[in-house]
Amino acid sequence: MSKTPPRTTTATGHDTRRTPARTPGHSFGRGLWSMALTEMWERYSFYGLQGILSFYLLYALADGGLALDPAVASGIVGAYGGVVYLAQILGAWMGDRLVSPRNMVLCGAVVITAGHLVLAFAPGFAGLGGGLLCIVLGTGAMKTNITSIVGFVLDQNPDERYRDAGFSYFYMAINIGAVVGPLTSGLAQSELGFHYGFGLAAIGMGAALVQYVASMKHLPERARTVNNPLPASRRPLVVLVALGFLAAVGAAVATGLLRAENLSTVVTVAALMTAAAYFLTMTTSSAVSSDERRRVLGYLPLFLASGVYFGFLFQKFTAISILITERIDLHISGWSFPVAWITTVSPLALVVVIPLVARVWKTLGERQPGPVTKVAMGLTQIGCAYLFLLIISEATGDADIPLILILLFMMAAGSSEVFVGPIGLSLATRIGPEKFRSQMVGLNFLTLALGSSLAGLLGQLFTAIDNASYFTLTAVCGIGVGLALFAGRGPVERLLRAGLKR
């Protein structure tokens, strides 16, 4: 039988008994693993839906789709992706001023689950609109706040090595969900139908909700409190602004000003206006030093270039999805290759390439290229991927494009993200003004909103011109913007390094 260590005290009366030392793995705590698993299931459901959504809009009624005009489908998909990222900015603000991050994540998970259930069981346009609206609102509430909670959990361990490892596990969980989600929902859609694929996404989000509820009691106290509460006197103004916004959107829909065809245009303008407000606030604030202001200005060309890059990358959900439905033969020896698996090759290629490129950067050390050069490399690579698509599209004429060639294109385009996505996030956390660090990260996420809505516009352009002209335009723009950014890397790099230690 074990015995309790004898209690001894110092001269000051302090108990000298020691509790067993915690291992590094335990220091991450249940909170980290619970948040990682919750996020994995949320990404499973999000990308599971994203993988088949375009084809649901494009496919004929006889095949279970909605048979929308390709231009309309591109506008809806592009706007949906853009609004999801814009909603996250609102969710971050609410988690900081109105509702605790813990409760924001809970509410978001419930609303997302409801959205997937609506898509799974409600047919037609009513189910589509209601389901996507719920997912937009729920994702906005959940995404940024769950990331904040992970930071709170890791703040409990002062060792920076454990913090980096903890975020690595969290990022790994995101990528697992992003790859497995479309693989399973795509197979369900191919074998059973679209609503079964939506149902799998609903099950995944239900698993995220159950996982989160079970772990809430283990979260740190900071996750349960509102960091910077909005004064009660200002809350009625917030309610009035929200009601006014909803009324304006309702009026725009009722009068025909806001339609499926122009949704991507509206979201693109909204993303640019939001970004302009961020840049203006940070460059004019008295709390920002001259060096910080120069760094923000240096980030402007990278912001625009990254928005263009993601516009090209996210075409896998718009223009490339249309191309797949029109010119790709999915049949292999009597079996139909799940259409969502084609777009899944893109993030899968990224997952494979990330550790290889990270090792190269580590080996090069201070000799590695700067962030501007890396983004230029990503743009040039994706431009070359579209050049490859132009060549194979023209070489095959009016015949179907072989499946293996479109998979190679997806690999080339998807792996190029290693030069843009991680670099932008790392740069934003390093160069942001001290008083606007979180806003700088939010500004970086706006490149995804801008890219998604831009992909919707490009998809609409794809339906209006011939394939050769379209792929020539995208290839020339991608390579051209990449080379222009590389040519101007010197002054931009100097602005980005202003006031920072090497």
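1. F312, Y386, F409, F462, Y470 and F471 form one aromatic cluster. The model is predicted, so local features need pLDDT of at least 70 and side-chain atom pairs pLDDT 80 or more, while totals for chains, interfaces and linings use all residues. Residues are numbered from 1 along each chain as its sequence is written, and side-chain values use heavy atoms, without hydrogens or water.

2. Rings of Phe, Tyr and Trp (its six-membered ring) pair if their centres lie within 6.5 Å; planes under 30 degrees apart count as stacked, over 60 as edge-to-face and the rest as tilted. The count by this rule is 22 aromatic pairs. Y299 and F303 have ring centres 6.4 Å apart and planes at 55 degrees, so this pair is tilted. Y299 and F303 are four residues apart in helix 9 (residues 290-313), about one helical turn. Helices are DSSP runs of H or I, at least four residues, numbered from the N terminus. Both Y299 and F303 are buried (under 20% relative accessible area; exposed is over 50%, partly exposed in between; 1.4 Å probe, protein chains only).

3. Two charges sit over rings (NZ of Lys or CZ of Arg within 6 Å of the ring centre and within 35 degrees of the ring normal). R43 lies over the face of F46, 4.3 Å from the ring centre. The charged end of K374 is over the ring of W361, at 4.3 Å from its centre.

4. Most residues other than glycine have a negative phi. A67, not a glycine, has a positive phi of about 55 degrees. A67 lies in the loop between helix 1 (24-58) and helix 2 (70-97) and is partly exposed, at 41% relative accessible area.

5. V239 is in helix 7 (residues 235-255). V239 is partly exposed, with a relative accessible area of 48%.

Notes. Helices (H or I, at least four residues) and strands (E, at least two) are DSSP runs, numbered from the N terminus.
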